[in-house]
Amino acid sequence: MTGSSGRFKGKYDFFTISLIPGITVLLASHDSFTDTNLSVLGNTAGNQALFTLWGFTTGTYYCMYSFYLFNIGRYRNKAVKSIICTAAAFLFTAVIIPYMPEQYPFKSRLHVLLAFFSPILFTSGMIVFLRFLSNKNRPRFRRAWEIMWILTACACLLFIRAGFITSLLELFTVIGLCGYLRYMERLLIS
């Protein structure tokens, strides 16, 4: 899948390079990247529609792209597909549950729980997929493992440094996973 210039063109490049990072940055730019997060910003007046659009678009993108990669890699594990779908469902549900701790403490805790576990489930599914691929050809996927662990370590450091989930951490996670999916596509197709 190369364009006329000879460069790799991924199937989901418009979403990977423009749409998903763009909506994420737009939403996060409504306030400080380190003092707040997308849940707070998405539940302020005027941002609910953008937050819902972001959640549904991002969840659908991760699901569709993962299934596309599974198809290329000839991966048929239904349990992992269920994990990916559950991650997307958690994100979909989180964006429609209001995050207003003073008004709705239970709903806000549920929102945080679902939003927190969505990327963890998604990453877990991708790790199982990567193990499957590595069993076929360990040297070919060594760098994919390195990138996965670097992304995970950086996300943990951002979380520990701030002490809570910030917009910066969410930006890093969303954009990092977009880049990782594209890297995996390129690796599987080459």
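Author: Helices here are DSSP runs of H or I with at least four residues, and strands are runs of E with at least two, both numbered from the N terminus. The model is predicted, so local features need pLDDT of at least 70 and side-chain atom pairs count only at pLDDT 80 or more, whereas totals for chains, interfaces and linings use all residues. Residues are numbered from 1 along each chain as its sequence is written, and side-chain values use heavy atoms, with hydrogens and water left out.

Reader: Where do Tyr61 and Tyr65 lie, and what kind of ring pair do they form?

Author: A pair of aromatic rings is described by the distance of the centres and the angle of the planes. Rings of Phe, Tyr and Trp (its six-membered ring) pair if their centres lie within 6.5 Å, and planes under 30 degrees apart count as stacked, over 60 as edge-to-face and the rest as tilted. By this rule there are 19 aromatic pairs. In one of them, the ring centres of Tyr61 and Tyr65 are 5.5 Å apart with the planes at 75°, so the pair is edge-to-face. Both residues belong to helix H3 and are four residues apart, about one turn of the helix. Tyr61 and Tyr65 also belong to one aromatic cluster, whose members include Tyr12, Phe14 and Phe122.

Reader: Are Tyr61 and Tyr65 buried or exposed, and which residues touch the most other members of the largest nonpolar core?

Author: Buried means under 20% relative accessible area, exposed over 50%, and partly exposed in between, with a 1.4 Å probe and protein chains only. Tyr61 and Tyr65 are both buried. A nonpolar core is a set of buried Ala, Val, Leu, Ile, Met, Phe, Trp, Tyr and Cys residues joined through side-chain atoms within 4.5 Å. The largest one has 43 residues, of which Trp54, Leu69, Phe129 and Met184 touch the most other members. Helix H3 (48-72) is among the elements that give two or more residues to this core, and the largest share, ten residues, comes from H3. With contact taken as heavy atoms within 4.5 Å, Phe129 touches Leu69, Phe70, Tyr75, Met184 and Leu188, not counting residues up to four places away in sequence.

Reader: Is Arg109 buried or exposed, and how far apart are Arg109 and Tyr99 in space?

Author: Arg109, found in helix H5, has a relative accessible area of 55% and is therefore exposed. Between Arg109 and Tyr99 there are ten residues of separation in sequence and 8.0 Å in space, C-alpha to C-alpha.
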